[in-house]
Amino acid sequence: MDNKYDIAVVGSGPAGLSAAINGKIRNKRIIVFGSKELSNKVIKAPKVDNYLGFYGITGAEMKKQFKKHIDAMGIKITYERINAIYAMGDYYGLAVNEKIYEARTVILATGIEYTKPLRGEEEFLGKGVGYCATCDAPLYKGKIVTIIGYNKEAEEETNYVSELAEKVYYVPMYRGAYDLKRGNIEVVSDRPIEIQGKDRVTKVVLKEREIITDGVFVLKDSVAPNQLVPGLLVENDHIKVDLNMQTNLSGCFAAGDCTGKPYQYMRAAGQGQVAALNAVSYLDSLK
Amino acid sequence: MIGEIKDINFSEIIESSNVPVVVDFWAPWCGPCKMLGPVIDEIAGELGEKAKFFKLNVDENPETSSRYKIASIPTIMVFKNGSIADTLVGFRPKDAIKGVIENHI
């Protein structure tokens, strides 16, 4: 027996939890990645009337019921954020910073909240645009780098990049005090419009000004699913699945809002169940 | 078996080969590169003599990395008769990489 999990569930909303309980019922080794709040959308719902069996329930109460359910089944949530999921052939590597978890199947239940990409962002991905500043920073030694930061963590990466790059422009997408260490970092409080270039990035166009730059890092809370799982097929901003909730990568399933509309709890829970049961059949077929 | 390719022998290797040459641009500090390594090893094993496989450490070989404008790693380049036939930036699943290489065999 190796130390690989049978099923890694990424997300702790209704889809992820429904997948988790069904995987557990079928006696599989599961790991669930998510947050203490389970789902920010669920806890914010004032009243839910279309979840069968729970007329008039509040989102907060529904979260409590979900929590009670997984606790009763001994399902624990791992409070870690997955940075990337690698399809290794016969298993998946789930990266959390320096740590890698291994699982034979993956169920993506990440919901949908990622921000729309900037104009030019996808076009120049890998040609000057990147999502991991700490990964690619050494390639920009002595060059000009622009970082578009959507959260506080982006400041830390900016400080790291500034040790190598000649000049760093920091474009914050939030308000607050910025903890930036070195003098070669310039904060640009302006709204980015487009990333431009020819065969590589040359500049970032903002509302009020333009920045000539060799590279642009876009650092967000959550990334699009095909950034999270390289090679994953996405269609119209949603993960493409068949009726078995199978994606284009064998052993990788998806459920809930990340697969498309309507964005509803019962659909999410139903899809999570289908995904889990098909992951189980897939695992059985490997033996 | 995957060999190392360096600034000094790069041109000679890609120009003298009569089969496609696959170069994996990587660095020790790059997480996705570490994941890609074993995937490339497997593909190399499966394709045998039909293509040659090399790794290039971008830290130690800045000349080649800058000539081919490597802006993100891992990057996989497929060379045919000395010029670039295909470029893959970022980690890809095994089948996707193998498919791209097979297009040039």
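**Entry 1: chain A overall**

I began with burial in chain A and found that buried residues account for 51% of its 287 residues. I note here that the model is predicted. I then counted the secondary structure and recorded seven helices and 17 strands in chain A. Along the principal axes, I found that the C-alpha atoms of chain A fill a box of roughly 55 × 45 × 30 Å. I next checked the radius of gyration: a compact globule with 287 residues would have a value near 19 Å, and chain A, with 21 Å, agrees with this. For contacts in chain A between residues at least 6 apart in sequence, I noted that 55% join residues at least 24 apart.

**Entry 2: backbone exceptions in chain A**

I looked up backbone angles next, bearing in mind that most residues other than glycine have a negative phi and that most peptide bonds are trans. I recorded a positive phi of about 65° for A:Asn27, which is not a glycine. I placed A:Asn27 in the loop between helix H1 (14-25) and strand S2 (30-33) of chain A.

I also recorded a positive phi, near 65°, for A:Met245, again a residue other than glycine. I located A:Met245 in the loop between strand S16 (238-239) and S17 of chain A.

Are these two residues buried or exposed? I found A:Asn27 exposed, because its relative accessible area of 69% is over 50%. I found A:Met245 buried, because its relative accessible area of 7% is under 20%.

I traced A:Pro262 to the loop between strand S17 (252-254) and helix H7 (265-286) of chain A.

I traced B:Pro74 to the loop between helix H3 (62-67) and strand S4 (75-80) of chain B.

**Entry 3: a helix pair in chain B**

I examined helix H2 (residues 31-47) and helix H4 (residues 94-102) of chain B, whose axes come within 10 Å and cross at roughly 45°. That angle makes H2(B) oblique to H4(B). I noted the crossing of H2(B) past H4(B) as right-handed.

Which residues make the contact? From H2(B), I listed B:Leu36, B:Val39, B:Ile40, B:Glu42, B:Ile43, B:Glu46 and B:Leu47. From H4(B), I listed B:Lys94, B:Ile97, B:Lys98, B:Ile101 and B:Glu102. By class, I recorded seven nonpolar, no polar and five charged residues in the contact of H2(B) with H4(B).

How values were computed. Residues numbered from 1 in each chain as written. Chains lettered and ligands numbered in written order. Predicted model: local features only at pLDDT ≥ 70, side-chain atom pairs only at ≥ 80, totals over all residues. Heavy atoms only, no water. Helix = DSSP H or I, 4+ residues; strand = E, 2+ residues; numbered from the N terminus. Buried < 20%, exposed > 50% of the residue type's maximum accessible area, 1.4 Å probe, protein only. Axes fitted to C-alpha atoms, helices over the stretch in contact; angles between N-to-C directions. Parallel < 35°, antiparallel > 145°, perpendicular 65-115°, else oblique. Left-handed = near helix turned anticlockwise from the far one by under 90°. Contact = heavy atoms within 4.5 Å. Nonpolar A, V, L, I, M, F, W, Y, C, P; charged D, E, K, R; others polar. Rg over C-alpha atoms; globule rule 2.2 N^0.38 Å.
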